[in-house]
Amino acid sequence: MDVRDAPQIKLPNAGKCPICFMDLIPLESGRDADTRVSTVQYSMSEAAKKLAEVGTVEVKRNHAKVLVRMVGLVYEDETRIASLTSRVDGRLDEIFVNFTGSLVNKGDPMVTIWSPTLIKSQVELFESMKSKDTEGIIRGPRRRCFS
């Protein structure tokens, strides 16, 4: 038997531990060298298990039910951060390119925007195109830009 496997308290007869006053359990003799327990394992006789009220269960993979404190780094999610400049008032309804390194091809939409100014200008453009008034098509934007 290895010194690490030896019990701390040894008495010639059964009795109580002088340190904690628990019942002492007789040391099992005749253990095979193959069944020796390593320093990270514990072995108890059936009587010792009953006395200590120790139970065992099969190990299963499951969610942890205890709070575990860990150290780590936290980074912001690039998909939720955007900084865009618009030449018109309005709001962005959808953002299609939402992280650094996204592949963008010519003609791919990057955002969809809702803007009352753009809607008004679009209506004016369509009205001018319907009336075949090419001067009106130019006059509207010129009036807004240079006034």
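My entries on the charged pairs follow.

Entry 1. I'm working on a predicted model. How many salt bridges does the structure hold? I get three. The background idea is simple: side chains of opposite charge can pair when their charged atoms come close.

Entry 2. I started with lysine 16, which pairs with aspartate 23. Their closest N and O atoms sit 2.9 Å apart, inside the 4 Å cut-off, so the pair counts as a salt bridge. I looked up the accessibility of aspartate 23 too: its relative accessible area is 40%, so I noted the residue as partly exposed.

Entry 3. Next came lysine 49 and its salt bridge with glutamate 46, where the closest N and O atoms are 3.5 Å apart. Where do lysine 49 and glutamate 46 lie? Both are in helix α1, which covers residues 46–52. They are three residues apart there, so about one helical turn separates them. Is glutamate 46 buried or exposed? I read 54% relative accessibility, so glutamate 46 goes down as exposed.

Entry 4. I checked accessibility on either side of the bridge. Arginine 91 has 47% relative accessibility, so I put it down as partly exposed. Aspartate 93 has 43%, and I marked aspartate 93 as partly exposed.

Note on methods: Residues are numbered from 1 along each chain as its sequence is written. This is a predicted model: local features need pLDDT of at least 70, side-chain atom pairs count only at pLDDT 80 or more; totals for chains, interfaces and linings use all residues. Side-chain values use heavy atoms; hydrogens and water are left out. A salt bridge is a side-chain nitrogen of Lys or Arg within 4 Å of a carboxyl oxygen of Asp or Glu. Buried means under 20% relative accessible area, exposed over 50%, partly exposed in between (1.4 Å probe, protein chains only). Helices (H or I, at least four residues) and strands (E, at least two) are DSSP runs, numbered from the N terminus.
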